[in-house]
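Here's a quick briefing on the salt bridges in this one. Have a look at the model first, then we'll walk through a few pairs.

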Amino acid sequence: MSLLYKVSPKFAPAGEPGSAGGAAAQPDERLVQLKSWLQGLDLVQAESCRPASADASFRRYFRVDVLAAAQGAHGATLVAMDAPPERENTAAFVKVAGLLAEAGVSVPAIVAQDLEQGFLLLSDLGTATYLQVLNHDNAATLYAEALSALVKIQQASQPGVLPEFDRAFMLREMNIFPEWYIGKHLNTTLTESQSAELQKVFDTIIANCLAQPQVTMHRDYHSRNLMWMDENNPGILDFQDAVYGPITYDAASLLRDAYVSWDEELVLDWVIRYWQHARAAGLPVHKDFDTFYKDFEYMALQRHLKILGLFCRLNYRDGKPLYLGDLPTVMEYVRRTAGRYRELKPLLKLLDALENRAPDVRYTF
C-alpha cells in the first residue's frame with residue numbers, strides 16, 4: 001500500500017499578516033481591551049500576550065504567562081480568545097465546549113469569560129497541531145485517536161441541542177462556490193444551462209446528505225484544529241460552529257483534509273476502520289460499507305465545493321491569500337469524486353469547460 005501524502009505549504013504561522021482578520025497598521029483597540037480584562041483577573045501577566053495561532057475567522061488567540069501563584073492550578077500558560085461579539089458567537093463556543101467535555105474528549109477548559117466583550121481565557125492544549133506533526137510513521141496512530149474521539153462525540157449526540165445542518169444550510173454553503181470560485185476567482189458567469197446543471201448536482205449531493213443518519217457534527221474536524229497531546233489525544237479546537245448533521249461529515253473533513261492529502265488506498269483503510277469502530281459502538285452508520293463510502297464521498301464533495309469558494313472569499317474579500325495555495329488539493333478531491341459517479345459527471349464536465357481542459361478518462365466505479 002502506498003504511503004504517499006502531501007502537506008500544504010501554506011500553513012499560516014501565528015502572527016503572520018492577515019491572520020488576525022484586521023488591518024495591521026491600525027491601532028489594535030481590541031488587544032488593549034483584552035489586556036485590560038486579563039489584568040483584572042489577577043491570573044496572568046497581561047503584557048505577556050503573544051499570538052498563539054492563525055485563524056480563518058475574526059477570532060484571535062493569544063498565549064499568556066500564568067502568574068506564579070496560579071501555575072499550580074492552571075499550568076505555565078493559558079490562551080486568551082478575542083472574538084468580536086458583533087462577528088463571533090462566543091456563547092456557542094462555551095456551550096459546545098461543555099457538550100464535548102461531557103462526551104469525554106479533550107477540549108480547552110474555560111478559566112474565565114466575558115461574553116459581552118467576547119473574551120475567553122482557556123486552558124492551553126499545547127503548540128503542536130496535527131498538521132505540524134503528521135508523518136508516515138505516526139499517521140495511523142494519530143488518525144485512529146482522532147477517529148476514536150469522533151466516535152465519542154457522536155455517541156453523545158442529542159437532537160434539538162444544536163442547529164440543524166439542513167438543506168438550506170448546505171445549499172447556502174455550496175453557493176459560495178459559484179459566487180467566489182467561479183464568479184470571482186475564474187471571473188466567469190455561468191450560462192443558464194450551466195447554472196441548471198450545477199443546481200442538479202447540488203440537489204443530488206444534498207439529497208444524499210440529508211438521507212444520512214444525523215449526529216453531533218464539529219464542522220471543521222481537521223489537521224489544523226486538532227492538537228497533538230501527550231495524553232488524551234487529540235485536543236480539539238474551533239468547535240463553536242457545531243451543528244446536528246450527517247454522520248460522515250467529520251470523518252470526511254478529517255480524512256479528505258484541505259491541508260494534507262494522503263494516498264487514496266490509505267484513506268480508504270482509515271474510513272473502513274472508522275466504519276467498523278462506529279458500528280461496534282452502536283452508531284447508525286450504514287451496514288453496507290459501499291453505501292457508507294458513497295455517503296462519505298458525497299459529504300466530502302459538499303464540503304469541498306464550499307471550501308473552494310470559501311478560500312477564494314478569504315483571499316479576495318478578507319485579504320488572506322495563503323488559502324489560495326490549497327485550492328489545487330481541494331480541486332483534485334472534487335474532480336476525483338465527480339469522476340466516479342454517473343450523477344456527478346455534469347460537475348466534471350462543467351469544471352473542464354471552465355478551465356478549458358480536455359476530458360480526463362479515468363477508472364470509475
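**Salt bridges at a glance**

R273 sits at 53% relative accessibility, so it counts as exposed, the cut-off being over 50%. Keep in mind that this is a predicted model. Searching the whole structure turns up 22 salt bridges, and a handful of them are picked out below.

- R273 pairs up with D269 in a salt bridge, with 2.9 Å from N to O.
- Both R273 and D269 belong to helix α10 (residues 264-280), where they are 4 residues apart, or about one turn of the helix.
- D269 comes in at 22% relative accessibility, which makes it partly exposed.

- R30 and D82 make a salt bridge whose closest N and O atoms are 2.5 Å apart.
- That pair links distant parts of the chain, 52 residues apart: R30 is in helix α1 (residues 29-41), while D82 is in strand β4 (residues 77-82).

**Helix to helix**
- R167 and D203 form a salt bridge too, and their closest N and O atoms are 3.0 Å apart.
- Because R167 lies in helix α6 (residues 167-174) and D203 in helix α8 (residues 192-211), the pair ties together parts that are 36 residues apart in sequence.
- R167 is partly exposed at 38% relative accessible area, and D203 is also partly exposed, at 30% relative accessibility.

Conventions: Residues are numbered from 1 along each chain as its sequence is written. This is a predicted model: local features need pLDDT of at least 70, side-chain atom pairs count only at pLDDT 80 or more; totals for chains, interfaces and linings use all residues. Side-chain values use heavy atoms; hydrogens and water are left out. A salt bridge is a side-chain nitrogen of Lys or Arg within 4 Å of a carboxyl oxygen of Asp or Glu. Helices (H or I, at least four residues) and strands (E, at least two) are DSSP runs, numbered from the N terminus. Buried means under 20% relative accessible area, exposed over 50%, partly exposed in between (1.4 Å probe, protein chains only).
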